[in-house]
Amino acid sequence: NVTLISENSTLQQHFRAVLDGRQSFEFVGVENSVANVSDEHFKLTQFDLLIIDLGQDREDSISAIAKLRKNGVRSAIVTISDDLEQSDVRALLHLRASDWLSMVDGRMPTNGEIIEASLKAVRENPNVTLSKSSARY
């Protein structure tokens, strides 16, 4: 499944409209920050792709992603944020984030950007269980 973790309900609606049912993905929205999602939630659910809104507190979000990786979450990850500092980019690459979608000046990622980043992440991650045929557009 594709899971978007974001406190932004407009972003949730936009991604659901783009991804739900497309490419055999099941879209799941978690309206919360990644730092506030319980560890138990990640233990009980298998995620193929996590799309994580870094939100206002990037440092906490990046620390939460590091904790997920440390706890064995091997899902593909795409992040969403406004401008990123070079240190943030390095940290996300170290944590094996596949891509970053920009929301500079509040601009929502386009449908094409969302689909391209999602498919790229799925193709590059050997832990994703979707079939090759479902990862095409």
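Ala35 is placed in the loop between β2 (27–30) and α2, in what is a predicted model. With a relative accessibility of 39%, Ala35 counts as partly exposed, since the partly exposed class runs between the limits of under 20% for buried and over 50% for exposed. When its neighbours within four places in sequence are left aside, the contacts of Ala35 are with Asp60 and Ala64.

**Overall fold**

The protein chain holds five helices and five strands, and these follow one another along the sequence in the pattern β-α-β-α-β-α-β-α-β-α. Of the 137 residues in the protein chain, 45% are buried. Among the contacts that join residues at least 6 apart in sequence, 62% are between residues at least 24 apart.

A residue of strand β1 (residues 2–5) gives a local view of this arrangement: Thr3 has its place in that strand and, at 0% relative accessibility, counts as buried. Not counting residues up to four places away in sequence, Thr3 touches Val28, Val30, Phe47, Leu49, Leu50 and Ile51. Of these partners, Val28 and Val30 fall within the range given for β2 (27–30).

**The packing of α1 and α5**

How are helix α1 and helix α5 set against each other? Helix α1 (residues 9–19) and helix α5 (residues 111–124) pack with their axes 10 Å apart and at an angle of about 70°. Angles of 65 to 115 degrees count as roughly perpendicular, and α1 and α5 are therefore roughly perpendicular to each other. On the α1 side the contact is made by His14, Phe15, Val18 and Leu19, which meet Asn111, Ile114, Ile115 and Ser118 on the α5 side. By class, this contact of α1 with α5 has five nonpolar and three polar residues, and no charged residues.

At 22% relative accessibility His14 counts as partly exposed, a value to be read against the limit of under 20% for buried residues. Leaving aside neighbours within four places in sequence, His14 is in contact with Met108, Pro109, Asn111 and Ile114; among them, Asn111 and Ile114 also belong to the α5 side of the helix contact. His14 and Met108 are 94 residues apart in sequence, yet their C-alpha atoms are 8.1 Å apart in space.

**Pockets**

| Pocket | Volume | Lining by class |
|---|---|---|
| Largest pocket | about 370 Å³ | four nonpolar, nine polar and six charged residues |
| Second largest pocket | about 250 Å³ | six nonpolar, six polar and four charged residues |

The largest pocket has a volume of about 370 Å³, and of the 19 residues that line this pocket, Asp53, Leu54, Gly55, Gln56 and Asp57 are the closest to its centre. The largest share of the lining of the largest pocket, three residues, is contributed by helix α3 (residues 58–70).

For the second largest pocket, with about 250 Å³ of space, there are 16 lining residues, of which the closest to the centre are Phe42, Thr45, Gly72, Val73 and Arg74. Here the largest share of the lining, again three residues, comes from helix α2 (residues 39–44).

Most residues other than glycine have a negative phi. Against this background, which residues have a positive phi without being glycine? Arg96 has a positive phi of about 65° although it is not a glycine, and Arg96 is found in the loop between α4 (86–94) and β5 (97–102). Asp105, likewise a residue other than glycine, has a positive phi near 60°. Asp105 lies in the loop between β5 and α5 and is exposed, with a relative accessible area of 80%, a value that exceeds the limit of over 50% for that class.

Methods. Residues numbered from 1 in each chain as written. Predicted model: local features only at pLDDT ≥ 70, side-chain atom pairs only at ≥ 80, totals over all residues. Heavy atoms only, no water. Axes fitted to C-alpha atoms, helices over the stretch in contact; angles between N-to-C directions. Helix = DSSP H or I, 4+ residues; strand = E, 2+ residues; numbered from the N terminus. Parallel < 35°, antiparallel > 145°, perpendicular 65-115°, else oblique. Contact = heavy atoms within 4.5 Å. Nonpolar A, V, L, I, M, F, W, Y, C, P; charged D, E, K, R; others polar. 1 Å grid on protein atoms, 1.4 Å probe; cavity = no way out; pocket = protein on both sides within 12 Å on 5 of 7 lines; lining within 4 Å. Points joined across faces, edges and corners; volume = space filled by probe spheres on them. Buried < 20%, exposed > 50% of the residue type's maximum accessible area, 1.4 Å probe, protein only.
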